[in-house]
Amino acid sequence: MRSSGALLPVTWDGCPFATLCRLNMAALLRSARALNLSASPLLLSPCSSAWPCSGTRYYGTPAEQKVVARDEPSLGVRNKQSHQFDWALAKLDSSVRRTGRVTKSLLQRIFHDICRTGYPSGNQALLLLRSCGSLLPELPLAERTEFAHHIWGKLLELGAAYDVSHYNALLKVYLQNEFKFSPTEFLAKMEAANVQPNRVTYQRLIAAYCQVGDIEGASKVLGFMKSKDLPITEAVFNSLVTGHSRAGDMESAVNILSVMRGTGIDPGPDTYLALLVAYAEKGDMDKIKETLNQVENTDISLMDRDLMQVVFTLTVAGHQQHVPEVLEHLRHDGGFVPDAMNLCLSLITQGHESTAFMLLKTFPSVQADSQNSNGPDVGNFFLRHCVNTNKSPEELVGFCKGLMDSNLHAAPMQFTLYCALEAKKMAIEVMKTMKEEGLPIRPHYFWPLLAQHKRDQNTAGTLEVLKAMQELSTEPDIDTYCNYVLRTFPSVDSARTALAVLGCMWLCVLAVPHWSFLGLSAVSSPSLPAIDIGVFRGNLITLVSLSYFLLVHVCTGNLVPPRPENMAYFLYHLFDGMSETEVQAKEEVLREYLQQLHKKGICIPVNIYRGIRNILDSHHVPELIKVPLLCNCYTELNQEVASSSHTWLMTSTAPQGLESRVTLERKLEELKAQGSSGDSAGAALIFKRLISAVCAEENLPRALELKAEHEDKMSPSCYALLINLCCRHDNPEEALNLKRELARMDSEATLDVNKYMSLLRVLSKHNRLEEAVDILKEMKEKDVVVKDTAVVLLFHTFSAVALRGDVAALRRLQDTTFALGLAKPTSNLCSPMVTMYLEKGDFAGALEAVMECETQYHQLPRIHDVLCGIVKKGDTELLQKAMDFVSQQRGEMTVLYDLFFAFLQTGRYREARKIIETPGLRAKPGRLQWYAEKCIGSNQMEALETMVDLTAKLFECDRDEMYHYLLCLCKDTNDWSKAEAVWTKMQEENVIPRERTLRLLADIFKTNNQEVPFEVPEVKQPSSVTAFSSVAYAVLYTSSWWSLMSLGAVYHAEAYNVLKEAERLGKALVPACYDALIKALLSSGSMEDAMAVKDIRKQTCLSLSFPDALASLKTMLQMDQVPSQLALTRLVQGLGNHGDIKGIQEVASLIKSLSPSLNMSSMLFVNNMALAHIKNGDLERALEDLESLYTQTADHSQQSIAFVFRKVVEAHNDEAFDKLRTMAERLCHQFASYKPATDLFLQCLDTGRVEEARQLLQVASLRQRLRPFSISRGAAQTCRIKNLLELIPDFAEKELVYAYMMKCHAMDKNLEAAKALYRRMQAEGLQMNELSLKRLAQLYKKAGEPVPFEEPPETFKFYADKLKASTLPSPEDD
Amino acid sequence: MSAPGKKVFELFVSKIPWTLGTKEVKEYFGQFGHVRKCLLPFDKGTGFHKGFCWIGYTTEEGLHNALHKDPHVVEGSKLQVQQNMMPFTWRRMDKEAEES
């Protein structure tokens, strides 16, 4: 077993090393400490090779680290940042999982990101460190270690807390990079940092000694491990094989294998690998072959990856002549290609590219099928790495020819050139070779080079490229000049002069007019009111620089900005046209421009915003999206979401109090006594309630009595109740009778699905098969949908039949159900048939049943149990049959996993290992998860542990996931020592735990009062109920609330808990929270919880105290909660309402200092300040502020003070109203600012102040400034439109106004008014649009009147869309 | 933006190998009909094109000829060719922008 035996303790009798271990580790440590003390000045000197990054500050104790950690500014920022680079870490992780390597640039980028944002978490550090070893095959060994040290030091500076897993990871990196270091010093460092070494640490230290052939050193550590009773694992012995061989003692090396056997550990594949590598170092091919044969006779199999290690060693040791022989042994299994790629890369890095090419030629050539006829391109990675490592052009050409000759690559030269252009290395040389080969050289091949020179403003470089173009007889074209060459030069003249030297004058002349045209068009545009962007659109991408130029001028005010939507397109195209690097380079400038545009009142439609956001996302500049201009759209999007849940309403059903049966019976009697004149409907109602009360008491006889007494009052629902009661009482006869009576009474009557299910259950239980089948048919006829719980009921019905062993009945029921399509034949629903045989121990029968299910319904119910049964019984013939069948139906992969799990389940681990080591097998996460969860559910630690062990080398297996399963089980059994062993095992395997794994581990430690030996990652979701410090805090909490809500079902429960806690504390949330939660709970089926929330919502009234709220805002900001915009708006409005000027100012400053990412409309503060002044009686001040708003800024199309008008009107503050009106009029006359007057006008219309509106219209000469736009903006209100029409009878867009009016009438359900409108339109000779006609028709229908015209046949949506498609904005678009 | 009513016959071509320039692409698609425009956007920062382009034919016939041929293999690489749906989307976006 490869590693499952690894934890077995070893008995030391007869071990030759035991005698060597005189010195124990304590002594070793003592000496190390002494060494450390004496050597500290030495260590600080730069010549210390062991710790290039040394200096004691890098090894701060945890206590010191904590100080650093506490100094951090803000958890909120931290969370945000950690979210930001989570994707990067995921990318790194997936790269490792997929390809077994990481590129240096990716690693550097992520490292840089982490450094820039700060606060590296423990596992981020681990991931980075781990990546600095053999995962970087493209980097020389020394450079890798250097990088690791750089990371180690830098992260420590940033406050990373290192635990034993980090030290172990660093050790692994040292081993992989063959870095020479002093193990004693290493231990001393650990001790200084107060980190306890563990088994893995010692193991790796032994390996380090062995790597340099220091058996004595290894033995010291070994002795110490022994004294500490640490288990000696296979890995230790493997190291010793290497150690002895490096010490030149092959005999002892070979001898280790028998020593191992003597201690009860069988040599595993890694042991043999160590031996093979030892022989390879010596170049002893005979011994290698001998060992390979030896391995074949055991049940161990060496993977390709192992043999590649041998190839590598042979090459590096200078025995490459033997490589072909080893290559013959490769099996080309599952992970061959990524492993071989990594080997090639390593070999190239270390200067052995010819061996690498030998290996490359064994790569499988992708069969180029004619359909997908992109030629083969094996070896791209090879060529690229050769370019990057500066192999000579001659060598590269040789490889290219080799690849072409062996048909591995169709166009290797072109690809090499591509790489050369990317790396800006040898490109010209490669092109020269290509030209010799007769391949075309095109002008745009030179652009990447020119682009670089352009960026660097490197005129000399540019000229050199041009010269090379001439030499290669490639004429630069216009694009080459315009886009690259000319732009490198500071001016046209300098370009002309320089180019003249090259004799390209004529082209230059051609190019210059083209160039100046661009400038000219831009210069001349100020005279135009709006730029027709459409003209540019087609060419914009090629004219990015022009657009950029224009943008600059728009921002600086030299140009009048185009209409908003055109401006939006303009921006979209600008970003689209710019490259990622360009955008990133100009990020700051762009941000500034966007902010300026924002100030100019440009706004961007949401749909275009989406496009821009996507582009910026893909350019990795998400920060730009947060610029106010764009951010507003973002919040608009969010508000859409918020308001949609806001308007969601709950249909309330009054809870019925439980009335006692007695009361009801008495009431009924009373009604009866009153005689027939009594209220029959009322009696029926009371009767129904009586029946349900009796049913609730489970009193069947009484219920039937009542029914007999009151036949006339039996309604379908009463029947349904009674039928269900009969079913519960196992009385199929009576149930059927009732059902028949019901059918007679109302043939359409349909029971609900659960009642049908009870009927079905009772009937099949009593073997009344035909009636049961009839029920199924009736369900089909009446379209009863079987889902969720009903399916479970169906399953139980089937199971009950199966339990009786009635095959025929079960088959009949199943077949009918599935044939009718009532339920899908799921594995679960099919399983009772198999269960029936399994219960009897009839595995042949069970297998037959499974096979039948598969052929009929494509389900393999309980195949795992069937296989387990067969394996236990040892019936090889039957097992073969099962395997053949499953393999034929589902493919080999499925069989292999089925067998694997069956062997695991039955404890046949040897067989299980053989299965999982099948060449070509890949990890199937879903299947592994299934079995893991099964083990967790049934507490099978051994089976689960074995699975995790056996899958260690399974291709693409997510190791963290596997260990997480193990920890889940540890959590269930509360076994912390097992959990600790799992953690050590993870270090041994070099697995990086994800944060949730670490949290789970920490959780297990904590619940057992154990110290957590690592830094626990912060929980990112705020969930603490204690966070509710006040009512307003709860309101402000909304933002995190939404994030809870958006996270899905798990968090809904959390949200519900928070809410309950809030209720207990007497706090309230904003209504939207309740609504969203109700909705979420309903969607996840938690009806009861949803009702409970509804009740809480009813009880909680929202009286907020605002000073309190302000205090809470501060608390919240201190706690790094970011308040929602909605909450802030409410708060500011509330403060305004109370006249709390100081409060508003305080909020404004708090928000300002918070971060620019939270962008509130400035009008929020302005308006509410004004209102607060008015409230305080300081009307003058309010007017002053408002007026300055319009007189001091140029553009105020977005500045609306409608809110102030509305509040004043609502408060009936006539004095303020008059003054405001005067102000609005003055603004019209003196400053040509019509916005306030327009707002006021509309406000008057809304509130029915027609007279004031009329005056305004005249005084402010507003008429020509009113656009249909403004009415469509506001809610469609009848009075507004009516008043408008009254005031402006010749309003231009009458048809539109009428359409709105019809919408209003439809909403008010006012048929008479609608009729009148229709007549009026006919009289005026206007056509009513289809949507309005449809509305009118609906009104007629609802009122029960015949529709006097032909109703438009399509749906509302159809006509609404149709209208939308026409140019007029329709009344539907709000 | 094309004026409504005026038909455009455009292809959207992707998976264009980096070795092909505007001239080569235009030449290749010229065999199906007269090419009115050929837009192969280049990333000015890197100097490489973005791997896709738009081809506008003067006639519907050219468009159809090009769409009928499959596969389109140029210098050993298979191009992905489809009718351009973008003008439609642009028009739609214009509308929405005007309404909002």
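Is A:Ser121 buried or exposed? A:Ser121 is buried, with a relative accessible area of 11%. Buried here means under 20% relative accessible area, exposed means over 50%, and partly exposed lies in between (1.4 Å probe, protein chains only).

This is a predicted model, in which local features need pLDDT of at least 70, side-chain atom pairs count only at pLDDT 80 or more, and totals for chains, interfaces and linings use all residues. Residues are numbered from 1 along each chain as its sequence is written, chains are lettered from A and ligands numbered from 1 in the order in which they are written, and side-chain values use heavy atoms, with hydrogens and water left out.

**Chain A overall**

- Chain A has 75 helices and zero strands. Helices (H or I, at least four residues) and strands (E, at least two) are DSSP runs, numbered from the N terminus.
- Of the 1374 residues in chain A, 52% are buried.
- Among contacts in chain A with a separation of 6 or more, 68% join residues 24 or more positions apart. Contact means heavy atoms within 4.5 Å.
- Accessible areas come from the Shrake-Rupley method with a 1.4 Å probe; for residues, only the protein chains shown count as cover.

**Chain B overall**

- Chain B holds three helices and five strands. Along the sequence, their pattern is β-α-β-β-α-β-β-α.
- Chain B has 100 residues, of which 50% count as buried.
- Residues 24 or more positions apart supply 63% of the contacts in chain B with a separation of 6 or more.
- Chain B exposes about 5100 Å², with 55% of it from carbon and sulfur atoms.
- A cis peptide bond, with omega near 0°, runs from B:Asp70 to B:Pro71. B:Pro71 sits in the loop between helix 2 (60-68) and strand 4 (72-74) of chain B.

**Helix pairs in chain A**

- Two packed helices are described by the angle between their axes and the distance between the axes. Axes are lines fitted to C-alpha atoms, for helices over the stretch in contact, and angles run from 0 to 180 degrees between N-to-C directions.
- Helix 10 (residues 215-227) and helix 11 (residues 234-246) of chain A pack at about 160°, with axes 10 Å apart. Helix 10 of chain A is therefore roughly antiparallel to helix 11 of chain A. Angles under 35 degrees count as roughly parallel, over 145 as roughly antiparallel, 65 to 115 as roughly perpendicular and the rest as oblique.
- Helix 10 and helix 11 of chain A cross in a left-handed sense. A crossing is left-handed if the near helix is turned anticlockwise from the far one by less than a right angle, and right-handed if clockwise.
- From helix 10 of chain A, A:Ile215, A:Ala218 and A:Leu222 meet A:Val236, A:Leu240, A:Gly243 and A:His244 of helix 11. The residues of this contact are five nonpolar, two polar and no charged. Ala, Val, Leu, Ile, Met, Phe, Trp, Tyr, Cys and Pro count as nonpolar, Asp, Glu, Lys and Arg as charged, and the others, Gly among them, as polar.
- Helix 13 (residues 269-282) and helix 15 (residues 304-316) of chain A pack at about 20°, with axes 8 Å apart. That makes helix 13 of chain A roughly parallel to helix 15 of chain A. Their crossing is right-handed.
- Residues of helix 13 of chain A in this contact include A:Leu273, A:Leu276 and A:Val277, and those of helix 15 include A:Gln309, A:Val310 and A:Leu314. By class, the contact has six nonpolar, two polar and two charged residues.

- Helix 23 (residues 447-456) of chain A is largely enclosed by the rest of the structure, because seven of its ten residues are buried. Among the buried residues are A:Trp447, A:His453 and A:Lys454.
- Just after helix 23 of chain A, A:Gln457 has a positive phi of about 55°.
- A:Glu437 lies in the loop between helix 22 (427-436) and helix 23 of chain A. A:Glu437 is partly exposed, at 41% relative accessible area.
- The C-alpha atoms of A:Glu437 and A:Met413 are 9.5 Å apart, across 24 residues along the chain.

**Other loop residues in chain A**

- A:Ser121 is in the loop between helix 4 (104-117) and helix 5 (122-130) of chain A. Not counting residues up to four places away in sequence, A:Ser121 touches A:Glu995 and A:Glu1015.
- A:Asn194, in the loop between helix 8 (183-192) and helix 9 (199-211) of chain A, has a positive phi of about 65° although it is not a glycine. A:Asn194 is exposed, with a relative accessible area of 58%.
- A:Asn407, in the loop between helix 20 (393-405) and helix 21 (412-423) of chain A, has a positive phi near 60°. A:Asn407 is exposed, with a relative accessible area of 55%.
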